[in-house]
Amino acid sequence: MSDITFKHHDPNVMLELWHVTKRFGGLTAVGDVSFKIKKGEIYALIGPNGAGKTTIFNLITGVYALTEGRVIFDGTVVGQGDAIIKDDMRETDVKPFRKQPYDIMSRGMARTFQNIRLFKSETVYNNVLTACHAEADYNIFQSLWRLKVGPKWLTKYYYQEKALREKTEELLKIMGIWEQRDMIAVNLPYGQQRKLEIARALATDPKLLLLDEPAAGMNPEETLALMDLIREIRDRFDLTVLIIEHHMDLVMNVSDRIFVLNFGKPLAEGTPAEIQSNPEVIEAYLGKEDDGDGDA
Amino acid sequence: MGIEYFLQQLVNGICLGGMYALMSVGYSLVYSIMNFSNFAHGGVIMVGAYVGYFALTALNVPFLPAFLLCGVGSGLLAVIIERLVYSPLRKRHAPSLYFIISAMGASIFLENFVIATIDGTPRNYPPIFDNRINIGGISLGVDSLLMIVVSAVALLILMFIIQKTKVGLAIRACSYSEKASTLMGINGDLVIFIIFLMGGVLAGFAGMLYGMRFIVKPTIGQVTNKSFVAAVFGGLGSLPGAIVGSVLLGIMEIFVASFNSNLRDLFVYGLLILVLVIKPSGLMGKVVEDKA
Amino acid sequence: MFSWYYIEGILIQSCYTLLIVLGLSILTGYTGMFSFGHAGFVCIGAYVSILCTMAFGLPYWLSLIIAGLAAMLLGAGLGKITLNLKGDYFCIATLGVGEAIRLIFNNLQLTINVGGKDFLLDGAKGVASIPLKTTLFGDWNALSNGDVGTFLSTLFSSALFIVIIFLTATALLMNSKHGRSMLAVREDELAAQMSGINTFRSKMLAMCMSALYAGIAGGMMAHYFGYLQPKMFLMTKSTEYTIMVIFGGMGSITGSVLGTVLLCALPELLRAVGDWRLVMYGLAVIVIMIVRPKGLMGGKELPVGRICRAVGRVFTKKKKDLPPPDGGSVGEEASV
């Protein structure tokens, strides 16, 4: 189906969730969540375990179909549920639909996973190279001609593949895992696997990067380094970042705005300072999180 | 077509369907929890048929003990296969492709082991119940009726275990999410042991019934292909679906065969393709969403 | 016993089997999909090609192309209905389609009258006296008779030529973004999707290529044996092809070559073992999956270039009569 774009869409908004609801059977995993993420922002999604944060990621990326609501990515509707609550922005009669995940992602989204999902038995280098595919458009027959010489339509493979390999090298160097390029991904130490996953995500040239608990299992120093890294790649690649995180230090330091979820329901939204001083959040989340921090 | 002939064929169909049900239930149980098609199931059925054959001929035991022996033999075999073949893969969290390939290896092994040690010639069971009875003017073989009763009882017991007992609850929980169930204190290894045991026992019964009705040879395990079709027809991964699908498939197959016996196998695979095109989730299947 | 005629036969068989295994390697080894009905695609290819040559009098090379395309079309149809489904549907569907094709030809009674000549497709009895067109490496007699045209056409449609072409093309394709996307599907389908890879298209491509290879090989097979019966395409045949892929190693092309050549020659060498051969195969498959799931080659390629250089080194050293400095023998290179 053709894309639905909004004329009155605010061009400064990268991602908008509009009254998004997801139910599994009778269970409401995400209930009526709305937020807008501005371009260039680092936006954090926090909430206790089971609050529905990863479900929101899966709704944005099209892994799950929306029950209700709408997801708009850079002015294009990428997901539409059955009914729209409080619909005041309907321009056309939009039927519920769901785009294929690869379609959504290739529009300029990339994500990492809470439980790292690499192409396990491939080398670090190939993990990133595989994700670089989008920039090459040579077809099956063009991939059979490997030489530099020949008419332009025939030498596509050579030049495009060269560009892909240069990009892969650049990304691996930025993430500091160039030395490990020939290692099998699953043999990397945990922290480097996280970095590799981010490198793979960046390889698709995203506008919006979704990070699902990137600091999980990292020690404080690694977390600190990761914070710098996230800021650095945001600036370097001109990204918007949506981040799910448990580490409160990381969230409060790195993010521009924070959205708090509790049991699938929105609880608060604001700058780190506002969130830290919000009594509801402190009661529902931060109080519990203090105990949690003790364990971590 | 006379009404008597029709009813006789119906009984034959239910009889065949019951046998498919015994097979496809074991397959569906494994599929619903371990998420792979256990293609070694056919080998287990075949070994069950041989156990029954030798119990009746070489050991001269009466029907009922022989029947139970089949169940025990096949149940043990299924559990042994799980321990030796699948368990090492499970420990490694191997992809399901590896399980399918190993299952294929196991089925090749079983089939050819029997060919190499016994031989490949088809054998006939000694006649056990070859008398016929008359019900309302319709002459029916005692063996057909017995098969229907036996299949029904075995399946009812299975459904009772799954629906009403603690073990059944654990199995159902694991079929939703094995990982989560394990975290909740359910012994995943034990559940898998039990489903293989139950599936194996039913496979043994099916093997003996098949042998009684048709013949015994090393390749009869391939009849399970039809029970896979039945499982898809009923809804992949759904236990009641597998039973309903099997019985319906059996009945349809018999009627197609009475029309033209050459077409019966073709009909079954044609039906499979039709189901996949029209309604892949089958009669009672559910749509599953991926977990990220 | 080992006359050239005999060896040539084994080599031709190895060639078309290799083509099938290569296709299956793309499907199972690279993309991680399991097919139980590959013999069905071979069957379609075989029947379509003899239909072309015997009923319609088309040249052999054209019949191979048509056979391949017919099988590919079937593969594409099968892919279209199953590849979007979650679960083992694909696997069971291949099983069903493979058997269905065989059963259709088993029941098909067909007489085609073309140009006054009857061509009979007689169900389970099969088709006999198919022209023997498959050569190992061209018809060299024709060349010595001065018939260059015949020689060239047989050369370009010879088993060895076709297999080398497809081997090269496959190796190149697997080392491109298309091949890498297939590997990504095998490794983690969700992660592949989340990297923007159209996994359906990758799986479809694998399925189509695989069916194409099998169809062409079927045509070669029919024109090698000279007769055709549906029972040549039983499900056990499909599993045998899969075993070759697994022996060689999933995700390795040179592995597939090794596996095929080994398992094609082995039945001849293992005659004495008889029925135990397949028992051992079954056992070996299980052990491979547990101990070394990547097979002989462990998912790596045999370093063809390095072996050539190493062999060259050995020969040049012999000439100069120098002791080998590092003992880099061919065997060691191969085991890297």
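Q: How many of the 11 residues of helix H9 (residues 224-234) of chain B are buried?
A: This is a predicted model, in which local features need pLDDT of at least 70 and side-chain atom pairs count only at pLDDT 80 or more, while totals for chains, interfaces and linings use all residues. Residues are numbered from 1 along each chain as its sequence is written, and chains are lettered from A and ligands numbered from 1 in the order in which they are written. A residue is buried if 20 or more other C-beta atoms, placed from the backbone, lie within 10 Å of its own, exposed if 12 or fewer, and partly exposed in between. H9(B) is largely enclosed by the rest of the structure, because the number of its residues that are buried is 11 of the 11.

Q: Which helix of chain C is included in what covers the buried residues of H9(B)?
A: The buried residues of H9(B) include Lys226(B), Phe228(B) and Phe233(B). Helices here (H or I, at least four residues) and strands (E, at least two) are DSSP runs numbered from the N terminus. The cover includes helix H1 (3-34), helix H2 (41-57), helix H10 (239-259) and helix H11 (264-278) of chain B, together with, from chain C, H4.

Q: Which residue just after H9(B) takes a positive phi?
A: H9(B) spans residues 224-234. Just after this helix, a positive phi of about 120° is taken by Gly235(B).

Q: Which element gives the largest share of the side of chain C that touches chain B?
A: The contact, in which paired residues have C-beta atoms, placed from the backbone, within 7 Å, takes 37 residues from chain C and 41 residues from chain B. On the side of chain C, the elements that give two or more residues are helix H3 (60-82), helix H4 (89-107), helix H11 (235-248) and helix H13 (276-291). The largest share, 12 residues, comes from H4(C).

Q: How many residues of the side of chain C that touches chain B are nonpolar?
A: Ala, Val, Leu, Ile, Met, Phe, Trp, Tyr, Cys and Pro count as nonpolar, Asp, Glu, Lys and Arg as charged, and the others, Gly among them, as polar. On this side of chain C, 8 residues are polar and 4 are charged, and the number of nonpolar residues is 25.

Q: Does Tyr224(C) count as buried or partly exposed, and why?
A: Tyr224(C) is found in helix H10 (residues 199-225) of chain C. Beyond its neighbours within four places in sequence, Tyr224(C) is in contact with Ile12(C), Leu132(C) and Thr134(C). Because Tyr224(C) has 19 C-beta neighbours inside 10 Å, it counts as partly exposed.

Q: How far apart do the C-alpha centres of the two domains of chain C lie?
A: The domain bounds come from an automatic or database domain assignment. For chain C this assignment gives domain 1 (4-291) and domain 2 (304-335). Their C-alpha centres lie apart by 36 Å.

Q: Which element gives the largest share of the side of domain 1 of chain A that touches domain 2?
A: Chain A is divided into domain 1 (1-108 + 206-296) and domain 2 (118-205). Between them, 10 residues of domain 1 are in contact with 9 residues of domain 2. The largest share on the side of domain 1, 3 residues, comes from H6(A).

Q: Which residue of S8(A) is the bridge partner of Met109(A)?
A: Strand S7 (residues 109-111) of chain A runs parallel to S8(A), and 3 bridges join them. The partner of Met109(A) is Leu208(A).

Q: Which are the edge strands of the open sheet of 5 strands in chain A?
A: The sheet has the order S2-S1-S4-S5-S6, and its pairing is antiparallel. Within this sheet, 4 bridges join strand S4 (residues 68-73) to strand S5 (residues 76-80). Each edge strand pairs on one side only, and these strands are S2 (27-38) and S6 (97-98) of chain A.

Notes: Pairing = 2+ DSSP bridges. Contact = placed C-beta atoms within 7 Å.
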